[in-house]
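Here are my notes on the model you sent over. Have the structure open while you read, and go through the points in order.

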Amino acid sequence: MSKQPIHQHIAVFGQAGSGKTVLLSSLFGRLHEPSTIHKNGYRFLADDSARGNKLLQKYLGMKEQAQAPMQDKFVSSPFGFKFVPESQPLDAKKKTSHIGITWHDYPGEWFESEVSSESERNDRAHTFRQLIQSDVALVLVDAQKLLDHEGDEERYLKSLFGTFRNTLLGIKSDIIADNERLEQFPRIWVIALSKADLMPELDAHRLHELVVLHAADELNALRKVLADFVNGDEALSVGEDYIVISSAEFKNGTIDLEKHKGVDALLPLSTILPIQRYQRWNVLRLLPAGLADEKMVKT
Ligand SMILES: Nc1nc2c(ncn2[C@@H]2O[C@H](COP(=O)(O)OP(=O)(O)OP(=O)(O)O)[C@@H](O)[C@H]2O)c(=O)[nH]1
Ligand SMILES: [Mg+2]
């Protein structure tokens, strides 16, 4: 019996320089290492092999030359890849691969700057529309910024969530009409510490405490704005899940990709977490009926 293919999307929001590109390169590069392929029994193929090569080049630049990728301001397009059993001949991949992931990131610069032209406004809306296919979104808290604001973390965290909220408010009318609500929308908003190697003592639990201590009101305000996008807003988790992520250890001009944290959790996070959460919401009858049918069939 042929199985229904599973395709999950993950959306990543982080300010400029918060580590989005390095994270994707580190994830994709490691999935390509022969030892990982051997251990998992899967190969990972980019839907667009030219872009896959570019990403691998970034990974290898870090691994072999200690060179972080250039920041790619304003460049955003979804990156898709799929898992193919290692034992399967490559030319059979289209027929039997069952799990695909698409990674969307929302350019950091768009958080911090006003729309500068009509075409940029269209770009932003187009990117956002693609990204809302995701069930899970990550909001990055940058450990470097926390360190830069040591003793005044509140200012950074308030401004991060506040700016993000304003970004969403700014784009809302381009995405939905006044009375419209979306069924498909990321309903799980995970707060992720990026560059966690810089703050090894901060685990997910302490990150949660830090965010609540300094920015509970901003988080609640963000939840309210997100709730206005969705139909069935009780089925929405904003800031209930926390994770700490380090793509590598960056120290004294070296990049050690072996020392990573949380990167391996990203795929389960985008595939298994939504299944569990949708099941819970379904039991509690919080999901709109049409969406419940669709998501439960998918699982
Ligand atoms: N210590 C540490 N530094 C990191 C890590 N990931 C990224 N960095 C640093 O942060 C810089 C910016 O990372 P990028 O991945 O390019 O940031 P981005 O979010 O893609 O930025 P934009 O493309 O401008 O939106 C890198 O050049 C590294 O110096 C990490 O896991 N640990
Ligand atoms: Mg980038």
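**Notes on the fold, the ligand and a few residues**

1. Start with the sheet. Seven strands, in the order β2-β3-β4-β1-β5-β6-β7, make up an open sheet with mixed pairing. For the terms: two strands pair if DSSP finds at least two bridges between them, and helices (H or I, at least four residues) and strands (E, at least two) are DSSP runs numbered from the N terminus. The edges are β2 (42-46) and β7 (237-244); each has a single partner strand, so one side of each has no neighbour in the sheet. On average, neighbouring strands here are turned by 25 degrees against each other, direction ignored. Axes are lines fitted to C-alpha atoms (for helices, over the stretch in contact), with angles from 0 to 180 degrees between N-to-C directions.

2. A word on what you are looking at. This is a predicted model, where local features need pLDDT of at least 70 and side-chain atom pairs count only at pLDDT 80 or more, while totals for chains, interfaces and linings use all residues. Residues are numbered from 1 along each chain as its sequence is written, chains are lettered from A and ligands numbered from 1 in the order written, and side-chain values use heavy atoms, with hydrogens and water left out.

3. Now the β2 end of the sheet. β2 pairs with β3 (residues 79-85) in the antiparallel sense over 5 bridges. Leucine 45 has lysine 82 of β3 as its bridge partner, and phenylalanine 44 stands opposite phenylalanine 83. On to the next strand: β3 and β4 also run antiparallel, joined by 5 bridges, with glycine 80 partnered by threonine 102 in β4. β3 is mostly covered, as 5 of its 7 residues are buried (under 20% relative accessible area; exposed is over 50%, partly exposed in between, with a 1.4 Å probe and protein chains only).

4. α6 (residues 118-131) lies across β1 (6-13) and β4 (99-106), running at about 150 degrees to β4. α8 (residues 153-175) lies across β1, β4, β5 (136-142) and β6 (188-194), at about 140 degrees to β5.

5. Which residues are closest to ligand 1? They are Lys20, Thr21, Val22, Asp72 and Asp197, out of 19 that surround it (a heavy atom within 4 Å). Look too at the polar contacts (pairs of N or O atoms within 3.5 Å; within protein, one must be able to donate a hydrogen and the other to accept it, and residues adjacent in sequence count only if both atoms are side-chain atoms). Ligand oxygen atoms are 2.7 Å from a side-chain N or O of lysine 20, 2.9 Å from a polar backbone atom of serine 247 and 3.3 Å from one of serine 18. Alone, ligand 1 exposes 650 Å², and the protein buries 89% of that (Shrake-Rupley, 1.4 Å probe; for residues, only the protein chains shown count as cover).

6. Is threonine 271 buried or exposed? This residue of helix α10 is buried, at 16% relative accessible area. A polar atom of its side chain lies 2.7 Å from the backbone oxygen of leucine 267. Beyond neighbours within four places in sequence, threonine 271 is in contact (heavy atoms within 4.5 Å) with Gln8 and Ile101.

7. Last, two backbone angles to check. Asparagine 252, in the loop between β8 (249-251) and β9 (254-256), has a positive phi of about 45 degrees although it is not a glycine; asparagine 252 is exposed at 78%. Arginine 285, in the loop between α10 (266-283) and α11 (289-298), has a phi near 55 degrees and is exposed at 75%.
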